[in-house]
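Look it over before reading the answers.

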Amino acid sequence: MSGISIGIDVGGTHTDLIAIKGDRAVRAKALTTHDDYSEGIFVALEAAATEFELSVDDLLSEHAQTFVNGNTIVTNAVTELKGARVGVLVTAGFADIPRFGRGNRSNEFDDQLQVNLPQIVPKECIVEITERIDRDGNIVVPLQRSQVEQAVKRLIAQGVDSIAVCFLWCTRNDAHEREAEQIIRDIAPKTFVTCSISAASVFREYERWMTAILNCYIQPPVNSFVTRVSEGLRKRGYTKAVEFFNGLGGVLGAEEVRKLPILLYSSGPAGGAIGAAALARRYGIDNLLCGDMGGTSFDTTLIHHEKPIVAQRCRIGSFDTAISLLDIISIGAGGGSLVGLDSRGVPKIGPQSAGSMPGPVCYGKGGTIPTMTDCMVTLGFLRPDNYLGGKHTLDIDAARAALVAYVGDAMGWDAEQSSAGAYSLAVANMANALRGVSIRRGYDPRKCTFVAYGGALPMFAAAICRALNITEMIVPNHSSAFSAYGLLEADYIRRKSVTIGWTVEDRDKLGGMINTRDALEREVSEEIEHAGFSRDDIQLLHGADFRYAGQLNEMYMDLGVDDILKEGSGGMRENFDAAYEEEFGPETAWRDSNLMLINYVVTGIAVRDKPHIEPVEVHRQSADSALTGTRPVFLPDARERVDTPIYDSEKMGPGAWFEGPGIIEVRDTTIYVPRDAIVERDGYMNFRLKL
Amino acid sequence: MNKQAVAPTHAAHLAPELDPITAEVVRCAFDNIADEMAVVLLRTSGSPVLTEAKDFSAVVFDAVGRQVGSAGYVLGHLASSRIAVQEIIKKRMPDDLEPGDIFICNDPYTVGALHQGDVGIVMPIHQDETLIGWTFTNAHLIDVGGVSISGIAPQAHDCFEEAIRFPGSRAGRNGVLDREWIGFIEVNVRVPISFINDVRSLIAACHAGAVRMRALVDEYGVDTLDHYIDYNIGLSERAFRERIALLPDGVAHTYDWVEYDGRGSSDLHAVSCDMTVDGDQLRFSFTGAEQLDAFINATPSAVAGGGIMTPLVCQLAFDIPFNEGIWNCIEIDTGLPGTIVNPRVPAPVTNAHIETGMRLGRMVGEALSITGSLSETEMLRGRAAGQATSSGAGAAWFGVKDDGALAIIFPLDNLVGIGGGAQTTGDGQDLYGFQTTLAVSFPDVEVHELVDPFFVLWRRFSLNSGGAGYHRGGMGMDQAYMLWKADKFSGSLFISAVELPARGFAGGYPGGASRSAIIRSSNVLEKLKSGQPVSSPDKLSGALDVLPAKVSNVPLREGDVYWATSSGGGGLGDPFHRPPEQVDRDLKDAKISRAAAEELYGAVVGEREGVLYVDDAATWDKRDRLRAALVPNKRHSLKESACENGAAGVTVKSDHWCCSHCEAKLGMLNQDWKVCVVPRRRALGELFDKAETQLRTREQQPVYVRERFCSECASCLSVDIELEGSERTPPGFRFDAA
């Protein structure tokens, strides 16, 4: 294993790189370049090459064996509503559906927050097409080809970049969508086309259509990014596959990304989750909670049996889609989250964020409202003169003044007390989010290990654990680049589902079910083989969305390949009743109702080569030699200023330990070890805390 | 926003011995508990009424019955839950209560249900034999027996015909539903399996809440937790009182009528609302016509929850965490019993919340707009709004599917697909739902077709449904479907406003009304057979049977097309001030028709390459010409007087009323400003006919709009609804001399 694996995570502010060669890992950082995201990537590559004492060309042509990228391009395009001009062909009678969704009301009281969906497709670019298929897949009204031809010509004349084909019940019969697709290709071969059946082959037209429309909408920025990165790498001599990370925590090849760019949504947070899953595997941890705190949000998820939980039918921006993503809960508690008072005069955090512009007050870039980062510098956790390894200095006086003005004056608190209050609220909010991903799904957080990464979260993580009575916590080595590291731990994943609507008790229709399963298996295998894996390398996992007859929402359950054949004891019905009651409580299963298998899901996994990380030998010893001195820090749990020992991570070898309170300073990360907690660096160079 | 004027209460000074941060953590924990209960309910229920329409609630109470946490959704249930829990406490405490007791509540008269279709479960929470709180969950179940399906009975004459009623009966012990009760329920409702399943879900949700509540008591101890509950209730109360105190002292008066046409004639039943601002207290005084032997009478929770609390939290207390403290700031007077706002048994009440309750909510919203627009605080002036319609084309169908199974279908599309009121911040929200229902949605066409024996022909915006204004009201939905592989279903219809739609404010016009019709024995099947489109009414032939608004036993047969048009929200501000490019956008978006653009917005519409457009300059000219005909010596062009803030209309300047557009004096404060302006009365039916906007025109006592224009700038300042022969004081504000 002599090659170098490179993972690059393009975030909102920074582009993080991690390059792993054997037991050596190199981290590099660049500012994200929003005009052309590939620029930041090559700047980071430059920095990494320097660390290896190589030129970029040598690094890429001779040494690099893997290149995986995760990015926020789709997220940004949807958030900023900057995308293509999309044309839509839609079943006659239903042109307004992409515009009005399923009703717009949120669960906020405030009437002024009740606004319509952003209109990403102008009305004049949605054309109704005479055609109709019924729920059984019968063609009720045939497709009017001439109408499609006219519509396409009209849309092209209107200057659309891409066309989405959105017909009802294509999941039962895709003939009309395919025919329309062919007509578009014949008339306008250069126009990007997505059929809703290709975007998501599941029923519920709104979310399937939105998936296709969003796929068209975000295609241009993703496409040009993929081109620039691929060509840039080729030019510098890289010959291996260029891979991209998707929101399910797997990788995709460039060609697949060009077809379904929407799959890149939420790939950043997924990177961290996959990295955490790798830790779970390494340590043999059954239930693991992980978290990352960025500039605007705190993201968390649960890893059960080394596998992250998948959420279906996820929302992208304001739009419901049929996309499955790792089930990551995000709340507005980031370093840039604003601190202030609510309508009652009670301190609150967020949900607004100062972002990177103007940023926290202490950055001195024009921010006037205090943020969580201002609280942390005020409390003394962050060193004003040595922020991010000395790259920036922080204006602590401005931060203090803002905290007093926005919180302290009204509460009768000084800057430290205001900061400590905000810290406690942020901890409570994050603890509630962890509760959301664990207790709600039936997992006890006390039995979970918390993995905290990113630059900021390790300052809060121990307090979050204490709020939930979690006793085991890990801050990974390279915490700030952990999401980039996670990219390298990903496998090649393809998840496909098809809507069936089979009543499990109806054994006459079993034959059709078996055919569908086999076809889906073939489809998934072929796609993965096409990406360069041999059939033997592919692991196929089966599962399905079920619901009781009479219900409207499905619940997913894993299946064995032949589970659909089994009846009675150990059969699907019995297993589902049990799984349902595990989720919702005893006696909640609908034993008197039939069971319906709505969507059959096949997930194909091809295992990729991973970085081989071997533990080094551990010498358990006091971390005294890493002690660089003390600093007065206002500890929120103690509610007083305490001379706190400061440790230099560089000098903490494997086995070095100490008892809190103490702060470990890593170049770009600060780890807080509270009183009565013990931290030890282990053989993987991760920091393990016992609370 | 005027930050100075809404300086928050100083939480620090309310109870110095308590920590505001801990208080906030505790408050969030209570809301979290309610949220988790809601999640359990949502994920286990089979009813689309829960999963899509979110017609349910989860509320947490302390041991003495004070609301401490709630999970949104139906705001009316904030009142239902409170009445139910407090009634159970009164009836059962201290001796007749055991841990794990299950009380079932759906009687509007005794335990606060909005209507009998809303079945609630109340359970005590005990920690080691000590009562530490209560959980309440409730959901609109698809059938509760009685003469009509779906718990809504347009034809019932009394509440005994309507449904079975549970007055907080003990339906189980130790957290387990009693078999005797299950047996009783099974023979009294049409779809017993789903009924029992949903009740089980309600109980499961209460269990989930109890577990969390016990953990909270473990963490803080009963006494400490109690202190923090007091503290948080105090904080919300103080914040709301400070908000109320920013409204001018005096009385906002408004009125309306409730429609009922279920027995042949179309009758209107008067209601009125006086909202008194007295320092930091709000008093609501309602009057109503004599109670009716039909389902429109308002239950106590339809008055307090849907009528009052809904507009209050959406418009005035929108950012204040909800708990018992909000209730402490209001008083309600519904007068002597025997009226539609204070009915007595046996008055039927199954449509209480969306008939009289809805009208009360619209009036309270209007009263808040009136008082808010006269406030000295900019933020409150900015809270004026057109009325949300809160009236959909409701229908429920009952019949036998082709597989022989009984089906009750309660399509939510045209109930959720109704417009919100125009706001000062922009146009009203499309498909907003009832004001009282948060986070509502309707099922996909494919969900309907998979589950129900329906084939949907079209689903689109209901043209011209949003009320005209500087900001337009939100749009409703237009949808048609027919039976598919089934024959002969029977329907109940319940549309609450077909003649008196949602009103606008400050010169904004009413929204379009709802309508249900059946195209009888249409040619739809032949059309389909020959592969022709059926995606709009003009493609179909057949007899158009426009249905009464409240009627039962409507037959739907093969070949019939059911066509429902839902209403939109009221507009805000003068539509002649709306920028022509926005009228143009609405026209291109097919939200308004050419006729509506011309009639209601004074637009000049041209055609370019087959596409209609609004001519900007010509439109402003036309508007000035039309208004000059009403106010010959008007001083400003409408383009000049159009201001950014659509809420403007009439405001107060020192001792006189004035036009907010040109600041013209409209009389002293002790006078009625309405006598100092230029009025015009038009028949609403004729106006809406010309503007192609849905309305059923009354033959007896037709409906008029009374527009009032500024005598100097000719801006439209208000559009009131009048009824021929009824001399009621138009909505307005009276400053109290006291």
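Two residues are in contact if their C-beta atoms, placed from the backbone, lie within 7 Å. The model is predicted: local features need pLDDT of at least 70, side-chain atom pairs count only at pLDDT 80 or more, and totals for chains, interfaces and linings use all residues. Residues are numbered from 1 along each chain as its sequence is written, with chains lettered from A and ligands numbered from 1 in the order in which they are written.

Q: How many residues of chain B are in contact with chain A?
A: The two chains touch through residues on both sides. Chain A gives 64 residues. Chain B gives 72.

Q: Which element gives the largest share of the side of chain A that touches chain B?
A: Elements here are DSSP runs numbered from the N terminus: helices (H or I, at least four residues) and strands (E, at least two). Those giving two or more residues to this side include helix H8 (205-217), helix H13 (396-411) and helix H14 (415-438) of chain A. The largest share is five residues, and it comes from H14(A).

Q: Is Ala393(B) buried or exposed?
A: Count the other C-beta atoms, placed from the backbone, within 10 Å of a residue's own: 20 or more is buried, 12 or fewer exposed, in between partly exposed. Ala393(B) lies in strand S12 (residues 393-400) of chain B. Because Ala393(B) has 33 C-beta neighbours inside 10 Å, it counts as buried.

Q: What percentage of the 738 residues in chain B is buried?
A: The same cut-off of 20 or more applies. Across chain B, the buried share is 62%.
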